[in-house]
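Welcome! Please have a look at the structure below, and then let us walk through some of its contacts together.

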Amino acid sequence: MMPKLNASNSVVALLCAALVLLPVYSAVTGNIFILTLFTRIVIFALAAASLNLIMGYGGMMSFGHAAYLGIGGYAVGILATEGIGSGFIQWPVALAVSALFALVIGALSLRTRGVYFIMITLAFAQMAYYITSGLSRYGGDDGLTVYKRSDFAGLIDLSNRTQFYYLCLACLFGGLYLIWRIVNSRFGLVVQGVRSNEQRMQAIGFHANRYRLVCFVIAGTICGLAGALLANNTDFVSPAVMYWTRSGDLMVMVILGGMGSLFGPVIGAIVYLLLEELLSQVTEYSGLILGPVLLLIVLFARGGIMGLLGRMRRA
């Protein structure tokens, strides 16, 4: 992970340094809001990075990826409601349930291709949305309040904004490192080969769907971790986080930053959520401005922001 210095890598290095030093800036200036905002951004960047693993590197256009955000969040919220507050139990359960759900979805949806794959993943996500909406014991449509954050036996205090931010950031960097190792491993090269030419990969002896399924489960598990972080961040989890529009937001973050690039989803999440926040302070019709802005970026920055930086380097 030690590439040559160029425009793209310089931006990534500066971005990582800024993310690490952000709590220091927040403490010096007394600006608590920026720390709260970037905690949310870091969590969604992790979710977008997990989607990039299957969409950017694996060529699997999942339109139901936000379901894992909700599953991870509800796993934490339901266990907390039932009196199980230990993070050493909540978080492994959140990861395990997310992985199991991804396994079921992947085993069925990977039998199809193209628009059919997109529709099946969307259907499963909507199914999860309606199931959680019907859980009256856990808030139903109104959502579930998490009255106490996950407890890690005093090792880390999630109620402390700075500690929680660094935990989210560590999960993001850890997730990116895991994705980098996967993508550059033999397994990852097979997944990318299947994306490029599935018939050829099968002809030389690789079982394409097995590799796709494992990749799909890994991505769902990472997104489940983001869901557990999100539930602790907001002290609340709602079926709305599983709705198809949230999956669309994650796809926009990946495309905006650059599909198939390691840090592209992180940059995409930062730009998208900052634009969303800034425009919401100017007008209640922020979507009317945000939509055309994103359209222009996609049209004139092929390959996303990372692709644009790459072309600037070559120019």
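Are Trp91 and Phe152 buried or exposed? Both Trp91 and Phe152 are buried, where buried means under 20% relative accessible area, exposed means over 50%, and partly exposed covers what is in between (1.4 Å probe, protein chains only).

A word on the basis of this report: the model is predicted, so local features need pLDDT of at least 70 and side-chain atom pairs count only at pLDDT 80 or more, while totals for chains, interfaces and linings use all residues. Residues are numbered from 1 along each chain as its sequence is written, and side-chain values use heavy atoms, with hydrogens and water left out.

## Aromatic pairs

A pair of aromatic rings is described by the distance of the centres and the angle of the planes. Rings of Phe, Tyr and Trp (its six-membered ring) pair if their centres lie within 6.5 Å; planes under 30 degrees apart count as stacked, over 60 as edge-to-face and the rest as tilted. A search of the whole structure finds 12 aromatic pairs. In one of them, the ring centres of Trp91 and Phe152 are 5.1 Å apart and the planes stand at 90 degrees, so this pair is edge-to-face. It links distant parts of the chain, with Trp91 in helix α4 and Phe152 in the loop between β1 and α6, 61 residues apart. Helices (H or I, at least four residues) and strands (E, at least two) are DSSP runs, numbered from the N terminus.

Phe206 and Tyr211 make an edge-to-face pair too, because their planes are at 80 degrees, with the centres 5.9 Å apart. Phe206 counts as buried at 19% relative accessibility, and Tyr211 counts as buried at 18%. Elsewhere, ring pairs link Phe63, Tyr129, Tyr130, Tyr243 and Trp244 into a cluster.

## Salt bridges

How many salt bridges does the structure hold? There are 5 salt bridges, each being a side-chain nitrogen of Lys or Arg within 4 Å of a carboxyl oxygen of Asp or Glu. The table lists some of them.

| Salt bridge | N to O distance |
|---|---|
| Glu82 and Arg137 | 2.9 Å |
| Glu198 and Arg113 | 2.7 Å |
| Arg149 and Asp235 | 3.0 Å |

Why does the bridge between Glu82 and Arg137 tie together parts that are 55 residues apart in sequence? Glu82 lies in the loop between α3 (66-81) and α4 (87-109), and Arg137 lies in the loop between α5 (115-133) and β1 (144-145), so the pair joins those parts. Glu82 is partly exposed, with a relative accessible area of 37%, whereas Arg137 counts as exposed at 60%.

The side chains of Glu198 and Arg113 meet in a salt bridge. Glu198 is in helix α8 (residues 198-203) and Arg113 in the loop between α4 and α5, 85 residues apart. Arg113 counts as partly exposed at 34% relative accessibility.

Arg149 counts as buried at 18% relative accessibility, while Asp235 is partly exposed at 27%. Salt bridges that share partners also join Arg113, Glu198 and Arg212 into one network.

## Two residues in helices

Ser133 has its place in helix α5 and is buried, with a relative accessible area of 15%. A polar atom of its side chain lies 2.8 Å from the backbone oxygen of Tyr129. Not counting residues up to four places away in sequence, Ser133 touches Gly140, Asp141 and Pro239, where contact means heavy atoms within 4.5 Å.

Thr81 lies in helix α3 and counts as partly exposed at 40% relative accessibility. Beyond residues up to four places away in sequence, Thr81 touches Tyr138 and Leu144. Thr81 and Ile255 are 174 residues apart in sequence and 37 Å apart in space, C-alpha to C-alpha.

Technical notes:
Polar contact = N/O pair within 3.5 Å; in protein donor to acceptor, adjacent residues only side chain to side chain.
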